[in-house]
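Biologist: Hello! Could you put the model up on the screen, so that we can go through a few of its residues together?

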Amino acid sequence: MNWLLVILGAAVGAPLRYLTDRAVQARHDSVFPWGTFTVNAAGSLVLGALAGASVSSGTYALLGTGLCGALTTYSTFSYETLRLAERGWRFLAVANVAASLLVGLGSVFLGVELARGIAG
């Protein structure tokens, strides 16, 4: 039955990723992929919070695998980084990789600590 929870979470996560990406990117006059950066950071924070809260397998299937799996996007991050490099914006490509790695890992750790702090 967890497979159904994954589908339900993904059905929310995928459109949420698209809408968030478009909304964030529309607010920036930049070639930097701020939308993808934002959804990946947010998804990492949520996933960290789920891990820190030690949620049930059903909740993790719904929110972790389903929602966060569809919300975050490694393939788009990779593609956008490649496009930056191909178009001559090598500094932005390297910055995207470094910042995404640091912010993603930082968000996971922050999420874990927030959840543990709330749990007491």
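This is a predicted model: local features need pLDDT of at least 70, side-chain atom pairs count only at pLDDT 80 or more; totals for chains, interfaces and linings use all residues.

Biologist: What is the phi of Ser-54?
Modeller: Most residues other than glycine have a negative phi. Ser-54 is not a glycine, yet its phi is positive, at about 50°.

Biologist: Is Ser-54 buried or exposed?
Modeller: The cut-off for exposed is over 50% relative accessible area. Ser-54 has a relative accessible area of 61%, so Ser-54 is exposed.

Biologist: Thanks! Moving on to H3, which helices do its buried residues pack against?
Modeller: Several residues of H3 are buried, among them Gly-58, Ala-61, Gly-64 and Leu-67. Cys-68, Ala-70 and Leu-71 are also buried in H3. The helices that the buried residues of H3 pack against are H1 and H2.

Biologist: Let's look at Gln-25 next. Which residue has its backbone oxygen 3.4 Å from a polar atom of the Gln-25 side chain?
Modeller: Gln-25 lies in helix H1 and counts as buried, because its relative accessibility is 17%. Not counting residues up to four places away in sequence, Gln-25 touches Phe-32, Pro-33, Trp-34 and Gly-35, as well as Ser-30. The backbone oxygen at 3.4 Å from the side chain of Gln-25 belongs to Ser-30.

Biologist: Which residues make the nonpolar surface patch with Leu-4, and what is its area?
Modeller: Leu-4 is in helix H1 (residues 2-26). With a relative accessible area of 32%, Leu-4 is partly exposed, and patches are made of residues with over 30%. Leu-4 makes the patch with Met-1, Trp-3, Ile-7 and Leu-8, and its area is about 560 Å².

Biologist: Now for Thr-81. Which side chain does the Thr-81 side chain join in a polar contact of 2.8 Å?
Modeller: Thr-81 is found in helix H4 (residues 74-86), and Thr-81 is buried because its relative accessible area is 12%. Leaving aside neighbours within four places in sequence, Thr-81 is in contact with Ala-93, Asn-96 and Val-97. The polar contact of 2.8 Å joins the side chain of Thr-81 to that of Asn-96.

Biologist: On to the charged pairs: how many salt bridges are there?
Modeller: A salt bridge needs a side-chain nitrogen of Lys or Arg within 4 Å of a carboxyl oxygen of Asp or Glu. By this rule the salt bridges come to three.

Biologist: What is the N to O distance in the salt bridge of Asp-21 and Arg-22?
Modeller: Asp-21 is buried, with a relative accessible area of 12%. Arg-22, at 41%, is partly exposed. Their side chains meet in a salt bridge with an N to O distance of 2.6 Å.

Biologist: Which residue does Glu-86 meet in a salt bridge?
Modeller: Residues three or four places apart in an α-helix point the same way, because a turn has 3.6 residues. The salt bridge, 3.0 Å from N to O, joins Glu-86 to Arg-83.

Biologist: And what is the N to O distance for Arg-116 and Glu-113?
Modeller: These two residues are in helix H5 (residues 90-119). Arg-116 and Glu-113 are three residues apart, so about one helical turn separates them. Their side chains meet in a salt bridge at an N to O distance of 3.8 Å.

Key. Residues are numbered from 1 along each chain as its sequence is written. Side-chain values use heavy atoms; hydrogens and water are left out. Helices (H or I, at least four residues) and strands (E, at least two) are DSSP runs, numbered from the N terminus. Buried means under 20% relative accessible area, exposed over 50%, partly exposed in between (1.4 Å probe, protein chains only). A polar contact is a pair of N or O atoms within 3.5 Å; within protein, one must be able to donate a hydrogen and the other to accept it, and residues adjacent in sequence count only if both atoms are side-chain atoms. Contact means heavy atoms within 4.5 Å. Patches are made of residues with over 30% relative accessible area and no salt bridge: like charges are joined within 9 Å, nonpolar side chains (Val, Leu, Ile, Met, Phe, Trp, Tyr) within 5 Å. Accessible areas come from the Shrake-Rupley method with a 1.4 Å probe; for residues, only the protein chains shown count as cover.
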